[in-house]
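Subject: Structure handed over, with notes on what was found

Dear colleague,

I am passing on the structure that we spoke about, and my notes follow directly below it. Please keep it open beside this message as you read.

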Amino acid sequence: MSDSNDFHDEDVIEDGNKKKRKVTVLQKYFPKDSKDSPVILKAKDASTVIKNLNWEFKVLYGAIQSPKSSNAINKTFESNDTIIQNQTVFPILDPKGDSKSVQSTESDVNNNTNEVNCWQTLLKFPLLNRQSPALSSDLEINEINSLRKVLEEKSKSYVPSVSRILEKTMPQEQAENLRRWKANMIKELGEEGFQIYHEEILSNGQTLHTCINNYLANVPRSEIEIEKAIAGHWESLKAIFPSVSDIKLLEERITHPFLRYKGIVDCFARYKGKLVVIDWKTSKKKKLSLSSTFDNPLQIAAYVGALNFDPKYQYLANKGLIVVAYQDGSRASAHFMDENVMLRYWKEWLARVKLYWELTEKELSCQS
């Protein structure tokens with residue numbers, strides 16, 4: 001038995017000089033033996049069927065996007081905190097091809113005044129890729145594209161990672177603590193032993209991430225192999241997994257087209273109903289506060305900003321979650337970052353990006 005929908009003209013309606021066809025949709029029943037003629041089960045007006053199909057399509061995929069200029073599109077958060085997929089508000093313009101929008105030439109790039117203005121633009125760069133009354137006066141499209149052009153000139157073809165920027169701009173006290181820890185570990189394990197230890201940490205981290213991704217991608221638990229080296233971390237995460245749902249992204253590469261940095265988002269999903277960018281971490285020691293995770297909140301803020309502006313994804317995010325899994329199997333710590341906390345760390349991240357390019361430029365000038 002099978003069903004089929006056919007369109008049939010029923011009659012023609014005169015409407016002024018135009019003719020409109022009233023169309024009926026017939027749902028037919030076809031017998032298995034194919035001997036008898038098909039039987040009409042239902043007959044519906046086509047306009048009703050099309051309306052139902054349009055409604056179903058909108059529920060599944062959202063409203064059809066208008067092909068008009070992206071400048072007119074305003075991204076907003078809905079009351080139920082659902083994700084918004086839209087065109088980018090800030091277009092990436094070629095300064096050489098649009099002199100009205102971006103006044104940038106080689107002489108401008110080398111001009112100190114122009115560079116100072118670009119740093120000011122960087123420090124007030126928005127976290128969210130959407131229109132607002134503040135942005136119309138504080139940040140214009142030509143300014144952010146001028147900033148992009150300056151950073152392109154500085155970076156050439158190289159786009160630094162979030163990790164690289166954080167490493168290069170690490171505060172002196174934090175860098176000293178890291179240096180002492182490494183020296184003590186080398187003293188205890190030896191150079192070769194420390195190298196093996198470091199490689200094992202990286203390998204175990206990658207293995208854990210793969211298992212997490214498989215689990216969240218609904219791979220059957222029986223097909224996920226939990227190695228002994230990560231068994232404790234996996235046990236630690238079991239209390240967190242039930243609160244994670246509606247997976248949008250898993251380990252995806254992102255790039256900020258204006259601020260010129262890149263990274264990899266571990267996960268973008270809902271945690272207890274709220275959309276968050278998630279970063280999975282491991283630790284032997286307890287990390288019971290957000291501040292105890294050192295630069296991890298800056299990393300999350302950087303990912304959120306890049307995700308909001310990366311044209312590949314068209315997502316809008318403003319919350320984050322740092323999950324720290326423990327080797328001893330105790331319950332993982334989940335540090336939630338709301339929009340206010342995110343904005344605070346975003347501003348700190350922008351200062352680190354600025355410092356990175358200043359240090360890089362200083363190094364290049366010393367070499368020449």
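How many helices and how many strands make up the secondary structure of the protein? There are ten helices and eight strands, and please bear in mind throughout that this is a predicted model. Of the 368 residues in the protein, 40% are buried.

Five of the strands form an open sheet, in the order β4-β5-β6-β7-β8 and with mixed pairing. The edges are taken by β4 (244–256) and β8 (333–337), and each of these has a single partner strand, so one side of each is left without a neighbour in the sheet. On average, and with direction ignored, neighbouring strands of this sheet are turned by 30° against each other.

β5 is mostly covered, since nine of its eleven residues are buried.

The next pair, β5 and β6, is also antiparallel, with five bridges, and R270 has L275 as its bridge partner in β6. Here the hairpin has two residues between its strands, and K272 in the turn has a positive phi of about 55°.

From β6 to β7 the pairing is parallel, over seven bridges, and T282 stands opposite A325 in β7. In β7, seven of seven residues are buried: G320, I322, V324 and Y326 point one way from the strand, and L321, V323 and A325 point the other way.

Helices against the sheet

Which strands does helix α7 (residues 172–216) lie across? Helix α7 lies across β4, β5 and β6 (274–283), and runs at about 130° to β4. Helix α9 (residues 296–309), for its part, lies across β4, β5, β6, β7 (320–326) and β8, and runs at about 140° to β6.

Helix α9 also meets another helix: its axis and that of α10 (residues 339–367) come within 8 Å and cross at roughly 90°. That angle makes α9 roughly perpendicular to α10. On the α9 side the contact involves P297, L298, I300, A301, A302, V304 and G305, and on the α10 side it involves M342, Y345, W346, E348, W349 and R352. By type, the residues of this contact divide into ten nonpolar, one polar and two charged.

The nonpolar cores

The largest nonpolar core has 49 residues, and those that touch the most other members are F125, Y261, V277, L307, W346 and W349. W346 and W349 are also among the α10 residues that meet α9. With neighbours within four places in sequence left aside, V277 is in contact with residues including V265, C267 and F268, as well as I300, Y303, V304 and L307. Another core lies apart from the largest one, and its 21 residues include I212, I240, I278 and A325.

Single residues to look at

Is K272 buried or exposed? At 60% relative accessibility, K272 counts as exposed, because the cut-off for that word is over 50%. K272 lies in the loop between β5 and β6, and has its positive phi although it is not a glycine. F294 also has a positive phi, of about 60°, without being a glycine; F294 lies in the loop between β6 and α9 and, at 53% relative accessibility, counts as exposed. For context, most residues other than glycine have a negative phi.

Finally, E115 lies in helix α3 (residues 112–123), and with 16% relative accessibility E115 counts as buried, because buried means under 20%. E115 and S146 are 31 residues apart in sequence, and their C-alpha atoms are 9.3 Å apart in space.

With best wishes

Terms used
Residues are numbered from 1 along each chain as its sequence is written. This is a predicted model: local features need pLDDT of at least 70, side-chain atom pairs count only at pLDDT 80 or more; totals for chains, interfaces and linings use all residues. Side-chain values use heavy atoms; hydrogens and water are left out. Two strands pair if DSSP finds at least two bridges between them. Helices (H or I, at least four residues) and strands (E, at least two) are DSSP runs, numbered from the N terminus. Axes are lines fitted to C-alpha atoms, for helices over the stretch in contact, and angles run from 0 to 180 degrees between N-to-C directions. Contact means heavy atoms within 4.5 Å. Angles under 35 degrees count as roughly parallel, over 145 as roughly antiparallel, 65 to 115 as roughly perpendicular and the rest as oblique. Ala, Val, Leu, Ile, Met, Phe, Trp, Tyr, Cys and Pro count as nonpolar, Asp, Glu, Lys and Arg as charged, and the others, Gly among them, as polar. A nonpolar core is a set of buried Ala, Val, Leu, Ile, Met, Phe, Trp, Tyr and Cys residues joined through side-chain atoms within 4.5 Å. Buried means under 20% relative accessible area, exposed over 50%, partly exposed in between (1.4 Å probe, protein chains only).
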